[in-house]
Amino acid sequence: MISKRLAWLPAAALALLAASGCEKSAPVVSYQGDVAPILDKHCKSCHMPGQAGYVVSGFELAGYESLMKGTQFGPVVLPGDPLTSVLVMLIEGRVDPSIKMPHGDASPLTEAEILAIRNWVEQGAKNARTEHRAVLRRARDQLSLWARFRGFVSLRSFRRGWQL
């Protein structure tokens, strides 16, 4: 009786999964492939040691680690929160016009470039290299767990006279 009442449950679960997968999500943005070239093109000339942007703010764009470190006033990227990330606010122009980035004669970012940085921040502002290391570490741990299980099964089989 209960099984007849719950027969619709798998169909409902599949329908729910299908509906949730239909929403359009932003493409995955990588730091190395998408964000770093934009920052190199528009920002790096001023935000390196000895340059005007670095002297004023202490913000260096040598790489991912320095970007995430931020300025002498605090972080500029808040992973997962593009609305309050200072970097996104500065490049979108949601600040006083005197501090909108990039300054002076530098070419402004295109809408596509701004959207790429915004999506990267929204997706967690991850660095592919550190992400790749974490995936490899998890795979190694899982392989180790499998090897231990396989050894246990083999030892148990050996004791019972089984062959695998």
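**Group meeting: a helical chain and its loops**

Let's start at Ala125, which sits in the loop between α7 and α8 (128–160). Helices here are DSSP runs of H or I with at least four residues, strands are runs of E with at least two, and numbering goes from the N terminus. Ala125 is not a glycine, yet its phi is positive, about 50 degrees. Most residues other than glycine have a negative phi, and most peptide bonds are trans. Is Ala125 buried or exposed? Ala125 counts as buried, because its relative accessibility is 1%. The cut-offs: buried is under 20% relative accessible area, exposed is over 50%, and partly exposed is in between, with a 1.4 Å probe and protein chains only.

A word on the source. This is a predicted model, where local features need pLDDT of at least 70 and side-chain atom pairs count only at pLDDT 80 or more, while totals for chains, interfaces and linings use all residues. Residues are numbered from 1 along each chain as its sequence is written, and side-chain values use heavy atoms, leaving out hydrogens and water.

Now the overall layout. The protein chain has 8 helices and 0 strands. Of its 164 residues, 25% are buried. Take contacts between residues at least 6 apart in sequence: 45% of them join residues at least 24 apart. Contact means heavy atoms within 4.5 Å.

Next, the packing of α3 (31–42) on α7 (residues 111–122). The two helices pack at about 130 degrees, with axes 10 Å apart. Axes are lines fitted to C-alpha atoms, for helices over the stretch in contact, and angles run from 0 to 180 degrees between N-to-C directions. So α3 and α7 are oblique to each other. For the classes, under 35 degrees is roughly parallel, over 145 roughly antiparallel, 65 to 115 roughly perpendicular, and the rest oblique.

Who makes the contact? From α3 come Tyr31, Val35, Ile38, Leu39, Lys41 and His42; from α7 come Glu113, Ala116, Ile117 and Trp120.

On to the core. The largest nonpolar core has 25 residues. Such a core is a set of buried Ala, Val, Leu, Ile, Met, Phe, Trp, Tyr and Cys residues joined through side-chain atoms within 4.5 Å. Which residues have the most contacts inside it? They are Tyr31, Leu39, Leu67, Val77, Ile117 and Trp120. Two or more residues each come from α3, α5, α6 and α7. Beyond its neighbours within four places in sequence, Leu39 touches Tyr31, Lys44, Leu61, Leu67 and Ile117.

Now the loops. His47 lies between α3 and α4 (52–57). His47 counts as buried because its relative accessibility is 11%. Outside four places in sequence, His47 contacts include Tyr54, Phe59, Leu61 and Met101.

Met101 brings us to a cis bond: the peptide bond from Met101 to Pro102 has omega near -5 degrees. Pro102 is in the loop between α6 and α7. Ser107 is in that loop too. At 40% relative accessibility, Ser107 is partly exposed. Setting aside neighbours within four places, Ser107 contacts His42 and Pro102.

Last, Phe73, in the loop between α5 (64–69) and α6 (86–92). Phe73 is exposed, because its relative accessible area is 66%. Outside four places in sequence, Phe73 is in contact with Val56 and Ser57.
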